[in-house]
Amino acid sequence: MASGIFIVPILTIFGHIDIRTAIGASIVSVIACSCSSAPPFLKARLTNVRLAIVLETATTAGALSGVLLAGGIPRSYLFLIFGLILLLSARQMLAKRHGTALASTNLRPAAGMWRLDSSYPDRALGRDIAYRVERLPIGMLLMYFAGLISALLGIGSGVLKVPAMDTALRLPIKVSSATSNFMICVTAAASASAYLVRGYIVAPIAGPVALGSVVGAILGARFLMSFSNDRIRLLFVAALGVLAVQMFLAAFGTGLYRGTL
């Protein structure tokens, strides 16, 4: 999960930095995190690169749409929508599922044609886990909206991509996290170009923020390898719940987010 959702409020509340400059620094940190933590995932064979390329076409299109719409929608409405999406994602991830692997027999033709199915090594179980990619059209639609909201709010879209992959595509949570991280860099770069042109990316602010984010991303990538899917799922649901509360506070102009609206 990209750190942009935390960086913007920290910079605006405690650093007294303009919201647009904070968003610019956040986008740079998102790119840095994605690039720094992607190699361990690739080395561990957790990232489904073929699937990431397919989904990124929809996510990038959404990010470009978000850049065009930026400024036309009240931010309070965006935070409210985001909070609702986070709660829905948490609810879906808590739902019981009957296997993410080859126990599923409803393989979609598109996923099979593009050879998106793969496997990953699970250290906790001590063996490779095979999985299938399901409901690809729904996943593409969700990726578009993830990119759209990411560009509008200036955050990484991992908090939306991972639940979407988990619930729509039926991917194991480790694969969802690694593949989402691989995609975030491209999505953030599409949004960063607009902020760079408008002068909102300030190097003395974005540089230190990106450096700290890289250190955290590397540590997080290593921890992911050693945790079971169930523990990661519970941690992610807890994070989604906290973020949802923050988004609702932002929507109504109360709490710590008051200064960012």
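Buried denotes a relative accessible area under 20%, exposed denotes over 50%, and partly exposed lies in between (1.4 Å probe, protein chains only). The model is predicted, so local features need pLDDT of at least 70 and side-chain atom pairs count only at pLDDT 80 or more, whereas totals for chains, interfaces and linings use all residues. Residues are numbered from 1 along each chain as its sequence is written, and side-chain values use heavy atoms, with hydrogens and water left out.

**Confidence**

Begin by colouring the protein by pLDDT, the predictor's confidence in each residue, from 0 to 100. The average is 75, and 80% of the residues score at least 70. Next, select residues 98-110, where pLDDT stays under 50 and the model has 22 contacts (heavy atoms within 4.5 Å) beyond four places in sequence. Residues 257-261 also have a pLDDT below 50, with 15 contacts in the model beyond near neighbours in sequence. Where pLDDT is low, the predicted coordinates should not be read in detail.

**Helix α3**

Helices (H or I, at least four residues) and strands (E, at least two) are DSSP runs, numbered from the N terminus. Select residues 49-69, which form helix α3. From first C-alpha to last, these 21 residues reach 29 Å, close to the expected 30 Å; the expected span is 1.5 Å times one less than the number of residues. At glutamate 56, α3 bends by about 35°, the bend being the angle between axes fitted to the seven residues ending there and the seven starting there. Glu56 is itself among the buried residues of α3, which also include Leu51, Leu55, Thr59 and Val67.

**Alanine 206**

Move to helix α9, residues 203-226, and centre on alanine 206. Is this alanine 206 buried or exposed? Alanine 206 counts as buried because its relative accessibility is 4%. The C-alpha of serine 26 is 7.2 Å from that of alanine 206, although 180 residues separate the two along the chain.

**Two arginines in loops**

Select arginine 135, in the loop between β2 (127-131) and α6 (136-153). Its phi is positive, about 45°, although arginine 135 is not a glycine. With 25% relative accessibility, arginine 135 counts as partly exposed.

Finish at arginine 170, in the loop between α7 (158-167) and α8 (173-197). Arginine 170 has a positive phi near 60°, and its relative accessible area of 27% makes it partly exposed.
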